[in-house]
Amino acid sequence: MEIQYFFELFGTLFFGISGALAADEKSGNDWFGVTFIAFLTSIGGGTVRDILLSVDIMWIKDVKLIYAVAIGVILAAVFYQPLLKLRKTFMLFDTLGIALFTIVGLEKALNLGIHPVIAPVMGMFTAIFGSVIRDMMLNEVPIIFKKEIYAFACLCGAIIYMILWQFDVGRNVNFFVSGGIIVAIRLASIKYNLSLPKFKSH
């Protein structure tokens, strides 16, 4: 299996954990409700990406992605307290999920011949739309509209990927470097309460 596929599986798993924890913390849903939110969080971005790229929707043709969501929900239930602490402190699972999904979506777009300027945007869409759908379903303000650096971190990592790609850096190395940049920016923004400048001061 290619590293891209492993990234998609693990990104789906991490978003499954994130969605399950968010659903239970918000409203104490039953198992079905939590699993439904976890599913939307995990596959939302990839579904939007595949529709925009006019290709087969990934989770429909690959049942392993459904298994990854289920495993994420089970892990969230079994290790609830320590995982919830990690989520609250570092938004860990969202962070890992967006890092993996950004690179997966970007490379999928490139492989389909999408313009190098558009491909990073496709990577960002893949990463953030699952969380946006999750927050809307839970009646929360979507995370991209909050002060936190979230989508911008994805875009930065995607741009780094494109720069390294232009310099013929090895694919696997590029995956890990670009994904690591996303994680580093996201964690730094949380730790130091960083945010982008406001569009207009009030």
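Predicted model: local features only at pLDDT ≥ 70, side-chain atom pairs only at ≥ 80, totals over all residues.
Residues are numbered from 1 along each chain as its sequence is written, and side-chain values use heavy atoms, with hydrogens and water left out.

Trainee: How far apart are the end C-alpha atoms of helix 2?
Mentor: Helices are DSSP runs of H or I with at least four residues, numbered from the N terminus. The expected span is 1.5 Å times one less than the number of residues, so the 22 residues of helix 2 (residues 31-52) should span 32 Å. The C-alpha atoms at the ends agree with this, being apart by 31 Å.

Trainee: How are the rings of F32 and F36 arranged, stacked or edge-to-face?
Mentor: Rings of Phe, Tyr and Trp (its six-membered ring) pair if their centres lie within 6.5 Å; planes under 30 degrees apart count as stacked, over 60 as edge-to-face and the rest as tilted. The centres of F32 and F36 are 6.3 Å apart and their planes lie at 10°, so the pair is stacked.

Trainee: Which helices hold Y161 and F175?
Mentor: Y161 and F175 form an edge-to-face pair, with 6.0 Å from centre to centre and 75° between the planes. The pair ties together parts 14 residues apart in sequence, because Y161 and F175 lie respectively in helix 8 (residues 151-166) and helix 9 (residues 171-191).

Key
Helix = DSSP H or I, 4+ residues; strand = E, 2+ residues; numbered from the N terminus.
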